Amino acid sequence: MNDAGVLSKVILIGSWCLPLYKEYYSGENAMSALRTRDIDFLVSQKTKFEEKVNLPKMLEDMGFIEEYKYPEGLVKLIHPELIMEFLVHKKGRGSSKPFPLPFLSMNAQRLRFLDLLEENTIEVIFNGIKIIVPHPVNFGLHKLIISNRRKNEEKSIKDLQAGLSVLNLCVENKEEEKIQEVFKHILQKQQKGIIELLAHEKAYKILDVINR
Amino acid sequence: MVTGVTMAIKGVLKEELDNSIRMQKRYEEELSKLPSGSLIKKKIKGHDYYYIVLREDGNVKFIYQGKDVSKDLIKEYARAKDLRKKYRNALSQLKKQIKFLKGSLRGKESI
């Protein structure tokens, strides 16, 4: 994917970011890297790909197969070690139909609140490969927002723990101003939800930064 | 007492078990789509003859294809051979995962 120029156009999101943040902060903190095999890539709707890449065909050699989700028409690329999916930000009420990515021969799933992950990114070099990930602050706050909205309790706890661990890492690495800046730009309703969640979890270090 | 961490771990294991079961089904479907058997070339009295070798009801069967076959057919069977190996490896890996995940989730509580 790197050789085909795909990795430089997409943003890695989800729990696979956690070990990369550990790398970003020079391994100063031991973070939990509890994650599934799902590897999600966020694609900005504005992204232009210079060349067409037939991703399913390209990964077929590695034993990946396509998985269609009916009736939505979503495509995932699956392998016993990895489940790859592409996502785009769903604006407003938006359509729930998949977003076509003809340059990757894939469809992407539209999800809400991904703009928070898209608007502020960093580059991390991992095993010599440049990977784009959301800024840890955006990632952490996004996890708290979706944790509040999850109906599945186990997934909600997983998001909460990932969000707290990344935000605590940000606080320890002097990202206070960034936390305040990003927090100010999110919806008031979401801000309230985050504050309540942090208070409930007794995450006073993060709460203190936000309330300063 | 079930803590948040335990719940999150259990949630991940359950999700992964569902994923593995779903993937197993998909790989079996893909495997069944591949052409059966292998294309082989036999040299008989100095001449090349192509056959598809199949195993049917425990017996090996040779289906004659002719003295010459298209490059596309050779390519198709070579690709099928390669993919069959990969899919069988994937299925073997998935079976092990399912066994492990079921065992891990069973523990003292029901899944």
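**Two chains, one at a time**

Student: Where is B:Arg88 found?

Tutor: B:Arg88 is found in helix H2 of chain B, which takes in residues 71–106; helices (H or I, at least four residues) and strands (E, at least two) are DSSP runs, numbered from the N terminus. This is a predicted model in which local features need pLDDT of at least 70 and side-chain atom pairs count only at pLDDT 80 or more, while totals for chains, interfaces and linings use all residues. Residues are numbered from 1 along each chain as its sequence is written, chains are lettered from A and ligands numbered from 1 in the order in which they are written, and side-chain values use heavy atoms, with hydrogens and water left out.

Student: Is B:Arg88 buried or exposed?

Tutor: With a relative accessible area of 52%, B:Arg88 is exposed, given that buried means under 20% relative accessible area, exposed over 50%, and partly exposed in between (1.4 Å probe, protein chains only).

Student: And how many Å apart in space are B:Arg88 and B:Lys42?

Tutor: From C-alpha to C-alpha they are 27 Å apart in space, and they are 46 residues apart in sequence.

Student: What order do the elements of chain B run in?

Tutor: From the N terminus on they run α-β-β-β-α, and the total for chain B is two helices and three strands.

Student: Which way do E1 and E2 of chain B pair?

Tutor: Strand E1 (residues 38–44) and strand E2 (residues 47–56) of chain B pair in the antiparallel sense over seven bridges, where strands pair if DSSP finds at least two bridges between them. In that pairing B:Ser38 stands opposite B:Val53 in E2(B), and in the hairpin, which has two residues between the strands, B:Lys45 takes a positive phi near 50°.

Student: What radius of gyration does chain B have?

Tutor: Chain B has 22 Å, whereas a compact globule of 111 residues would have a radius of gyration near 13 Å; the radius is taken over C-alpha atoms, and the globule rule is 2.2 Å times the number of residues to the power 0.38. Along its principal axes the C-alpha trace of chain B spans about 75 × 30 × 20 Å, and buried residues make up 35% of its 111 residues.

Student: Switching to chain A, how many helices and strands are there?

Tutor: The secondary structure of chain A comes to eight helices and nine strands. Chain A is as compact as a globular protein of its length, because its radius of gyration of 17 Å is close to the 17 Å that the globule rule gives for 212 residues. Its C-alpha trace spans about 50 × 40 × 30 Å along the principal axes, and 52% of the 212 residues count as buried.

Student: Which residue stands opposite A:Glu66?

Tutor: A:Glu66 stands opposite A:Leu77 in E4(A), as strand E3 (residues 65–69) and strand E4 (residues 74–79) of chain A pair in the antiparallel sense over five bridges. That hairpin has four residues between the strands, and A:Gly73 takes a positive phi near 85° there.

Student: Last one: where is A:Asp3 found?

Tutor: A:Asp3 is found in the segment before strand E1 (11–13) of chain A, and A:Asp3 counts as exposed because its relative accessibility is 79%. A:Asp3 and A:Asn138, 135 residues apart in sequence, are 28 Å apart in space, C-alpha to C-alpha.
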